[in-house]
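Hi,

Here is the model I promised to pass on.

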Amino acid sequence: MTNRIDIFKRKEDCCGCSACYAICPKGAITMLADEEGFEYPIIDTNLCIGCRKCINVCPIRSICK
Ligand code: SF4
Ligand code: SF4
């Protein structure tokens, strides 16, 4: 089973810009729409190598504080 974690702690901490999705070198991030149709990133921990590029690119920098 795919092990997935949220890339941000609270929805308010993510504007859905998808910069993290775009920069991930492993394709570990998926943008998934919530019940209201807003897309949020999810990390597939089986693919993630912990490079933290997604954290560094995030304009809100809410990830893994
Ligand atoms: S830490 Fe690196 S490999 Fe993992 S999701 Fe972020 S950008 Fe992708
Ligand atoms: S870079 Fe940050 S604000 Fe943009 S989608 Fe990813 S977690 Fe959300």
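Let me start with the second ligand. The residues of the shell around ligand 2 divide into 10 nonpolar, 2 polar and no charged. The classes work like this: Ala, Val, Leu, Ile, Met, Phe, Trp, Tyr, Cys and Pro count as nonpolar, Asp, Glu, Lys and Arg as charged, and the others, Gly among them, as polar. In total 12 residues surround ligand 2, and the closest are Cys-14, Cys-17, Ser-18, Cys-20 and Cys-58. A residue is taken as near a molecule if one of its heavy atoms lies within 4 Å of it.

Before going further, the ground rules. This is a predicted model, where local features need pLDDT of at least 70 and side-chain atom pairs count only at pLDDT 80 or more, while totals for chains, interfaces and linings use all residues. Residues are numbered from 1 along each chain as its sequence is written, chains are lettered from A and ligands numbered from 1 in the order in which they are written, and side-chain values use heavy atoms, with hydrogens and water left out.

Ligand 1 has a shell of 8 nonpolar, 1 polar and 2 charged residues. Cys-24, Pro-25, Ile-29, Ile-43, Cys-48, Ile-49, Gly-50, Cys-51, Arg-52, Lys-53 and Cys-54 surround it.

Now the fold. The chain has 2 helices and 3 strands, in the order β-α-β-β-α from the N terminus on. These are DSSP runs numbered from the N terminus (helices: H or I, at least four residues; strands: E, at least two). E2 and E3 run antiparallel, joined by 5 bridges; strands pair if DSSP finds at least two bridges between them.

For the whole chain, 31% of the 65 residues count as buried (under 20% relative accessible area; exposed is over 50%, partly exposed in between, with a 1.4 Å probe and protein chains only). The accessible surface comes to about 4500 Å², with 52% of it belonging to carbon and sulfur atoms (Shrake-Rupley method, 1.4 Å probe; for residues, only the protein chains shown count as cover). Of the contacts with a separation of 6 or more, 53% are between residues 24 or more positions apart, a contact being heavy atoms within 4.5 Å.

- Pro-25 sits in the loop between helix H1 (19–23) and strand E2 (29–33) and is partly exposed at 48% relative accessibility. Leaving out residues up to four places away in sequence, Pro-25 touches Cys-51 and Lys-53.
- Ser-18 lies in the loop between strand E1 (4–6) and H1, is partly exposed at 26%, and has a positive phi near 70 degrees.
- Arg-52, in the loop between E3 and helix H2 (53–57), also has a positive phi near 70 degrees; its relative accessibility is 44%, so it counts as partly exposed.
- Asp-44 belongs to strand E3 (residues 39–44) and is buried, with a relative accessible area of 15%. A polar atom of the Asp-44 side chain lies 2.9 Å from the backbone nitrogen of Asn-46.

Cheers

Conventions. A polar contact is a pair of N or O atoms within 3.5 Å; within protein, one must be able to donate a hydrogen and the other to accept it, and residues adjacent in sequence count only if both atoms are side-chain atoms.
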